[in-house]
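I opened a new notebook page for this one. My plan was to look things up one at a time and jot down what came back.

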Amino acid sequence: MNYDEVVLGRRSIRGYKREPVPKETIREVLRLAMRAPSSLNSQPWNFHVVAGEVLDRIRAGNTERNLAGVPHSREFRSGGEFTGVHRERQIGVAKQLFAAMGIAREDKEARMDWVLRGFRQFDAPAAIIVTYDRALHGGDIAPFDCGAVATGIVNAAWSKGLGCVINSQGIMQSPVVRAEAGIPDDQVIMICIAIGYPDDSFPANAVVSERKSVDEAAVFLGFDD
Ligand SMILES: Cc1cc2nc3c(=O)[nH]c(=O)nc-3n(C[C@H](O)[C@H](O)[C@H](O)COP(=O)(O)O)c2cc1C
């Protein structure tokens, strides 16, 4: 696959085959992703790759706490709820996903099932918990660098026939993740990435989310043409 095929073909995958992903394949994905640039080459990222019983315990803990109404606790500033155009885009992709899955707006049970699927890491065979070094906590640059490496992961995975979904749902109950994955205190949990072989029969996997245009996003100054 060339670069265009990877970035234009990639989409978030929320339904997986049960087939496990070999550790060596994920190592190779990480090796490629870690070519990402970072501030002053600080490479603040760490990865806790979980599968099997460890991931199952995280799924169970996340589900239990969310059903019990335990407030979400992320380890970084997550900002408030989206409003305005950002909220519109959030609703836009949710509508696309629900339409693909045949989930009606008023079907509370099906919507709850969908949310719980996220807390279960979409039943993926593996997940990568991305953390950064606590020594850099408080600045915005380490989370920025984690974003770069996360994009590298999803694209490298796609180029190898794997699917991913970057997700906050997996780390909203961060104490569960921290305890079950044995994350040391000198690291801050940033985000989670479910990874596995895409189940092509899962309707939401076909959804291609929309993007604003380059003209909406960019201004060009000082060009002759
Ligand atoms: C920081 C971040 C957090 C996300 N959290 C979730 C999540 O909790 N659940 C989910 O289903 N998708 C999540 N996503 C995936 C986005 O919804 C998805 O990337 C976006 O809608 C664009 O779709 P695409 O990845 O298919 O291009 C997250 C993505 C990012 C970058």
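Below are my entries, in the order I made them.

**Ground rules**

I'm working with a predicted model, where local features need pLDDT of at least 70, side-chain atom pairs count only at pLDDT 80 or more, and totals for chains, interfaces and linings use all residues. Residues are numbered from 1 along each chain as its sequence is written.

**Overall layout**

I looked up the secondary structure and found eight helices and four strands in the chain. Here helices (H or I, at least four residues) and strands (E, at least two) are DSSP runs, numbered from the N terminus. Read from the N terminus, the order is α-α-β-α-α-α-β-α-β-α-β-α. The radius of gyration came out at 18 Å, close to the 17 Å that the globule rule gives for 225 residues, so the chain is as compact as a globular protein of that length. (That radius is taken over C-alpha atoms, and the rule is 2.2 Å times the number of residues to the power 0.38.) Along the principal axes, the C-alpha atoms fill a box of roughly 60 × 45 × 35 Å.

I checked contacts next, where two residues count if their C-beta atoms, placed from the backbone, lie within 7 Å. Of the contacts in the chain with a separation of 6 or more, 86% are between residues 24 or more positions apart.

**Burial and the core**

I call a residue buried if 20 or more other C-beta atoms lie within 10 Å of its own, exposed if 12 or fewer, and partly exposed in between, with C-beta atoms placed from the backbone. By that count, 28% of the 225 residues are buried.

Then I went after the nonpolar core, meaning a set of buried Ala, Val, Leu, Ile, Met, Phe, Trp, Tyr and Cys residues joined through C-beta atoms within 7 Å. The largest one has 42 residues, and Ala127, Val130, Ile153, Cys164, Ile193 and Ile195 touch the most other members. At least two residues each come from α2, β1, α3 (52-67), β2 (126-133), α6, β3, α7 (174-181) and β4 (187-196). Which element gives the most to this core? I found α6, with nine residues.

I followed up Ala127: leaving aside neighbours within four places in sequence, its contacts include Val50, Leu55, Cys192 and Ile193.

**Helix α6**

After α6 comes Gly161, with a positive phi near 80°.

I zoomed in on Val149, which sits in α6 (residues 141-159) and counts as buried because it has 25 C-beta neighbours inside 10 Å. Not counting residues up to four places away, Val149 touches Ala33, Met34, Ala36, Trp45 and Val130. Val149 and Ser38 are 111 residues apart in sequence, yet 8.6 Å apart in space, C-alpha to C-alpha.

**A residue in β4**

Ile189 is in strand β4, and with 23 other C-beta atoms within 10 Å it is buried.

**The ligand**

Among the residues are Arg11, Ser12, Arg14, Asn167, Ser168 and Gln169. The shell divides into four nonpolar, six polar and two charged residues. (Ala, Val, Leu, Ile, Met, Phe, Trp, Tyr, Cys and Pro count as nonpolar, Asp, Glu, Lys and Arg as charged, and the others, Gly among them, as polar.) Strand β3 (residues 163-167) supplies the largest share, three residues.

Conventions. Near = placed C-beta within 6 Å.
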